[in-house]
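Visitor: Please take me through the aromatic rings. I would like a close look at how they pair.

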Amino acid sequence: MANRHTIILMQTSQNRATRTFMDYESITQAMDGICALYERKLKELNPAIRNLSYDITDLYNFIDGLTDMSALVYDSSIHAYLPHDRQWIKQKTFQHLKKLAH
């Protein structure tokens with residue numbers, strides 16, 4: 001997973017103006033970025049709570065609640081970006097968080 005440039009494409013609502021992207025140097029950094037995005041949203045919704053916690057189901061619900069989310073991951077063997085869907089992102093975030101927990 002190291003050094004595979006990853007672009008996360010997302011749309012937060014039905015409004016096309018909410019389309020955006022985030023790019024990262026690796027899949028791992030992209031998964032960190034998605035978690036950080038969710039954590040910022042939690043803090044925004046719960047400003048009085050100092051120590052927020054969540055589980056993987058909460059993160060999945062956040063990802064599923066977005067109008068759209070997908071990833072483009074660079075594959076140097078074909079010199080192109082490969083598309084991945086929301087399910088792939090959820091699988092990778094789970095694997096990433098599991099590694100962090102150990």
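Guide: Rings of Phe, Tyr and Trp (its six-membered ring) pair if their centres lie within 6.5 Å; planes under 30 degrees apart count as stacked, over 60 as edge-to-face and the rest as tilted. The model is predicted: local features need pLDDT of at least 70, side-chain atom pairs count only at pLDDT 80 or more, and totals for chains, interfaces and linings use all residues. Residues are numbered from 1 along each chain as its sequence is written, and side-chain values use heavy atoms, with hydrogens and water left out.

Three aromatic pairs occur in the structure. Take Tyr38 and Phe62: their ring centres are 5.0 Å apart and their planes stand at 40°, so this pair is tilted. Tyr38 belongs to helix α1 (residues 27–45) and Phe62 to helix α2 (residues 56–65), so the pair ties together parts 24 residues apart in sequence. Helices here are DSSP runs (H or I, at least four residues), numbered from the N terminus. Tyr38 is buried, at 9% relative accessibility. Phe62 is buried too, at 15%. Buried means under 20% relative accessible area, exposed over 50%, partly exposed in between (1.4 Å probe, protein chains only).

Next, Tyr74 and Tyr81. This pair is edge-to-face, with 5.1 Å centre to centre and 65° between the planes. Tyr74 is partly exposed at 26%. Tyr81 is partly exposed at 35%.

Now the cluster. Ring pairs link Tyr38, Tyr54 and Phe62.

The charged end of Lys90 sits over the ring of Tyr60, 5.1 Å from its centre. The criterion: NZ of Lys or CZ of Arg within 6 Å of the ring centre and within 35 degrees of the ring normal.

Definitions and conventions:
Helices (H or I, at least four residues) and strands (E, at least two) are DSSP runs, numbered from the N terminus.
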